[in-house]
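I opened this entry to look up a few things in a new structure. My notes follow below.

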Amino acid sequence: MRHGNPALFVPHLGCPHRCSFCDQRAITGVQRLPAPEDVRTLCKEAVQERGRSLELAFFGGSFTCIDRKYLLSLLEAAQPFLGAGISGIRISTRPDAVGGEMLSLLKTRGVTAIELGAQSMSDAVLQKNGRGHSARDVAEAAERVRGFGFELGLQMMLGLDGAEESDDFVTARALIACRPDTVRLYPALVLRGTGLAERMQRGEYRPLTLEEGVRRTARVMELFGEAPDIRIIRVGLHPSRSLEEKLLAGPYHPAFRELCEGELMLFRLLRQIGNSDLSGRTVTAAIAPGELSRMLGQKRCNAAEIERRGARLRVVEQAGRPPLSPLLLSIK
Ligand code: SF4
């Protein structure tokens, strides 16, 4: 909370669904339900500490599925701060839990942004992973959320059980078609006590390796890059001790986004290089200021990849270059 917007995690205890990847307590690190008093304290502290307008977020579960009285009590607690340091409220929920009546209610309580856990746009993948909603539910919910004038966020999970790389690309394109304002990309991780863990232990599910997860996520970021109005606001789960304690397998890294951004830069540079003969040459690329370490990659892996192709990588920083978009200047 200290560095960003104030956020409270509201687990959906007693959720009737059994999503293959879900262990909310591990993801949120929260053991109890927040009380309205927690909302007031958080808002008060955030406003005093930050001194600028902030967005309050309720994350961690299916916000619109929780007990209605409890939901209202949390939103009510935030009301005195709206327009007095808190600019709006962001919630995340399931695509099949945003009917018109609920959206009207959220609108009157200062909610400004709604994120939908879409996860996949393949019905087969959704079904295999126990989501209990269809791709059509996502598209229709997205339309409704936008129709009510909320900022729309969509969350995607890569590498779910049954999701080949091509399925994730299809999902990315289908999510782009929903015209969200923001997206969050999460690689599927195997947490203790989840359906994925059981399937993995039975040999029925193989999680992505870190390398595969980074590569696939970077390609999906490239697809979202074709829709410049869509902001990618998170890549990879927020690292926490409780998450790490529950983690059994999967592409987890505390700096997952940085790894993906490095991979994306390499991908974009290699695309410009094409089939050019690199042996004994120097590849010179221009990048945005401050992106040298991303361009070189973790432990210089991108530079090593160019070297593996027989060339040396030379990088120059150029003011005004768009982020994560290296420009091939020369191969000499
Ligand atoms: S991810 Fe699935 S199982 Fe977990 S709280 Fe949300 S709907 Fe329920």
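I started with cavities: on a 1 Å grid over the protein atoms alone, a cavity is a set of points where a 1.4 Å probe fits but cannot get out. Points are joined across faces, edges and corners, and a volume is the space filled by probe spheres set on the points. The model is predicted, so local features need pLDDT of at least 70 and side-chain atom pairs pLDDT 80 or more, while totals for chains, interfaces and linings use all residues. Numbering runs from 1 along each chain as its sequence is written, and side-chain values use heavy atoms, without hydrogens and water.

I searched the whole structure and found 1 cavity of 30 Å³ or more. The largest cavity has a volume of about 30 Å³. Its lining residues (an atom within 4 Å of a point) include Pro187, Leu189 and Phe256.

Next I looked up aromatic pairs (ring centres within 6.5 Å; stacked means planes under 30 degrees apart). I counted 2. Phenylalanine 58 and phenylalanine 63 are stacked, at 5.0 Å centre to centre and 15° between the planes. Which pair has its centres 6.4 Å apart? Phenylalanine 148 and phenylalanine 150 do, and their planes stand at 25°, so this pair is stacked too.

I then checked burial (buried is under 20% relative accessible area, exposed over 50%, partly exposed in between; 1.4 Å probe, protein chains only). Phenylalanine 58 has 0% relative accessibility, so it counts as buried. Phenylalanine 148 has 30%, so it counts as partly exposed. Phenylalanine 150 has 4%, so it counts as buried.

Methods: On a 1 Å grid over the protein atoms alone, a cavity is a set of points where a 1.4 Å probe fits but cannot get out, and a pocket is an open set with protein on both sides within 12 Å along at least five of seven lines; lining residues have an atom within 4 Å of a point. Rings of Phe, Tyr and Trp (its six-membered ring) pair if their centres lie within 6.5 Å; planes under 30 degrees apart count as stacked, over 60 as edge-to-face and the rest as tilted.
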